[in-house]
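Hi everyone, thanks for making time.

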Number of protein chains: 2
Amino acid sequence: MAVDPAPPLATIAAALRRERDRAGISLTELARRAGIAKSTLSQLESGVGNPSVETLWALGVALGVPFSRLVEPPTAAVRVVRAGEGPRIRSEHADFSATLLAAGAPHARRDVYVMELEPGAVRVAEPHTPRSVEHVVVATGRMRLGPESDLVELGPGDYATFPGDTPHRYEALVPGTFAVLVMEHP
Amino acid sequence: MAVDPAPPLATIAAALRRERDRAGISLTELARRAGIAKSTLSQLESGVGNPSVETLWALGVALGVPFSRLVEPPTAAVRVVRAGEGPRIRSEHADFSATLLAAGAPHARRDVYVMELEPGAVRVAEPHTPRSVEHVVVATGRMRLGPESDLVELGPGDYATFPGDTPHRYEALVPGTFAVLVMEHP
DNA sequence: AGCACGCGTTCGTCAAACCGAACAAACCGA
DNA sequence: TCGGTTTGTTCGGTTTGACGAACGCGTGCT
């Protein structure tokens with residue numbers, strides 16, 4: 001696994017400005033809440049300077065975002081991995097294989113669910129936390145799911161991932177459908 | 001969702017020392033690889049000082065660990081949730097239910113796998129990263145798994161979680177067994 | 001128009017992060 | 001036992017991040 005060789009100078013600048021106007025507050029206000037000088041913040045958002053951990057941490061708290069969102073670069077609809085596809089890791093001992101479906105976004109919080117549905121009823125989900133991501137692996141049955149605009153159909157072993165912060169749905173196509181759902185929020 | 005109010009001064013010190021001797025290199029060597037003065041590193045590991053992001057980043061790269069492992073605090077036998085057990089969230093619309101199996105440890109990295117096994121062969125796993133945790137939901141078939149000392153048997157829909165940093169194993173009991181595996185490392 | 005307020009940037013000062021060198025202690029082979 | 005190496009810590013000097021004040025600009029109120 002390669003580790004980011006890229007210096008995060010510009011990333012931080014971008015992240016700060018992005019997160020700040022997402023919060024809809026002024027530079028002055030943010031500096032005040034974080035307890036740092038606005039001059040410092042100004043320079044940071046300009047991409048000059050190399051903040052101390054303490055400073056950046058204070059900003060993370062004031063913005064209400066996990067520290068790491070400020071330093072890691074952002075990420076990018078429905079991605080599907082069909083059963084048997086995807087990069088496989090085979091054991092030396094036969095009869096075992098594992099497929100990496102989604103590498104952990106370093107600081108996401110992931111809740112693991114088992115989901116059971118019957119055909120007919122449609123589970124419509126309101127969009128939740130911004131930048132949350134859903135992962136689904138169908139265990140048995142068939143289901144149609146995804147963002148309203150991009151529904152996909154999955155069978156046993158199929159995997160799909162899509163943003164959770166847009167309207168989306170789950171719908172079983174055959175009786176006794178069950179799936180594993182991982183909800184990932186930043 | 002509460003955001004870490006804790007200043008990460010001591011955490012960084014601990015993380016640095018931990019990760020360094022995990023890598024099995026000397027302070028001097030690490031400082032050299034990271035391109036920083038060893039005096040600086042010495043002080044950081046002593047818990048004095050408040051490193052700049054650039055400095056800490058360089059250390060992360062040199063250690064081969066994601067940046068955030070250095071700043072976020074760390075986390076902590078076999079827990080089983082049988083199919084149909086566990087806290088259930090029912091939809092207003094019937095025919096949908098979800099069970100929370102494991103709330104996300106705030107800053108864990110979780111990789112999602114699909115695992116297929118056939119009976120006979122046993123998948124023995126060397127212990128990996130300290131404090132890593134494994135989660136398994138059996139989709140079809142039956143399997144026996146867990147730390148060598150605490151094996152449990154799971155059927156479809158059953159869930160188990162256990163530490164990944166001790167020797168453990170996976171073994172299919174019937175043909176065509178497949179499961180979803182979530183590997184969580186801090 | 002005139003003034004007051006909030007915005008973000010720029011400038012000079014100070015503390016501190018970072019550096020390089022010098023240091024004692026532990027270790028190892030001759 | 002004694003040099004040579006490597007360990008990690010400590011000590012001045014330099015660089016630079018953070019601060020507060022002053023600045024220019026735009027807005028809105030009287």
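I'll go through the DNA surfaces, then the sheets, then the cores, and finish with one arginine.

Some housekeeping before that. This is a predicted model, so to speak with care: local features need pLDDT of at least 70, side-chain atom pairs count only at pLDDT 80 or more, and totals for chains, interfaces and linings use all residues. Residues are numbered from 1 along each chain as its sequence is written, while chains are lettered from A and ligands numbered from 1 in the order in which they are written.

Okay, the DNA. I'll call a residue near a strand if its C-beta atom, placed from the backbone, lies within 6 Å of it. How many residues surround DNA strand C? There are 20, and the closest are L27(A), S39(A), S39(B), S52(B) and T55(B). The elements giving two or more residues to that surface are α2 (27-34) and α3 (38-45) of chain A, plus α3 (38-45) of chain B. Helices here are DSSP runs of H or I with at least four residues, strands are runs of E with at least two, and both are numbered from the N terminus.

Now DNA strand D. It's surrounded by 20 residues, the closest being S39(A), T55(A), S26(B), L27(B) and S39(B). Here the elements with two or more residues are α3 of chain A, and α2 (27-34) and α3 of chain B. The top contributor to this surface is α3(B), with five residues.

On to the sheets. Two strands pair if DSSP finds at least two bridges between them. Chain A has an open, antiparallel sheet of four strands in the order β5-β10-β7-β8. Its edge strands, pairing on one side only, are β5 (122-125) and β8 (152-154). β5(A) pairs with β10 (residues 168-172) of chain A over four bridges, antiparallel, and V124(A) stands opposite R169(A) in β10(A).

In chain B, four strands make an open antiparallel sheet in the order β5-β10-β7-β8. There, β5(B) and β10 (residues 168-172) run antiparallel and are joined by four bridges; V122(B) has E171(B) as its bridge partner.

Next, the cores. In soluble globular proteins, nonpolar side chains tend to be buried together. By nonpolar core I mean a set of buried Ala, Val, Leu, Ile, Met, Phe, Trp, Tyr and Cys residues joined through C-beta atoms within 7 Å. The largest one has 44 residues, and V137(A), A179(A), V137(B) and A179(B) have the most contacts inside it. A second, separate core of 34 residues includes A31(A), L59(A), L44(B) and V53(B).

Last stop: R18(B), found in helix α1 (residues 9-23) of chain B. Why is R18(B) called partly exposed? Because 16 other C-beta atoms lie within 10 Å, and buried takes 20 or more within 10 Å of a residue's own C-beta, exposed 12 or fewer, and partly exposed is in between, with C-beta atoms placed from the backbone. R18(B) and E45(B) are 27 residues apart in sequence, yet 9.6 Å apart in space, C-alpha to C-alpha.
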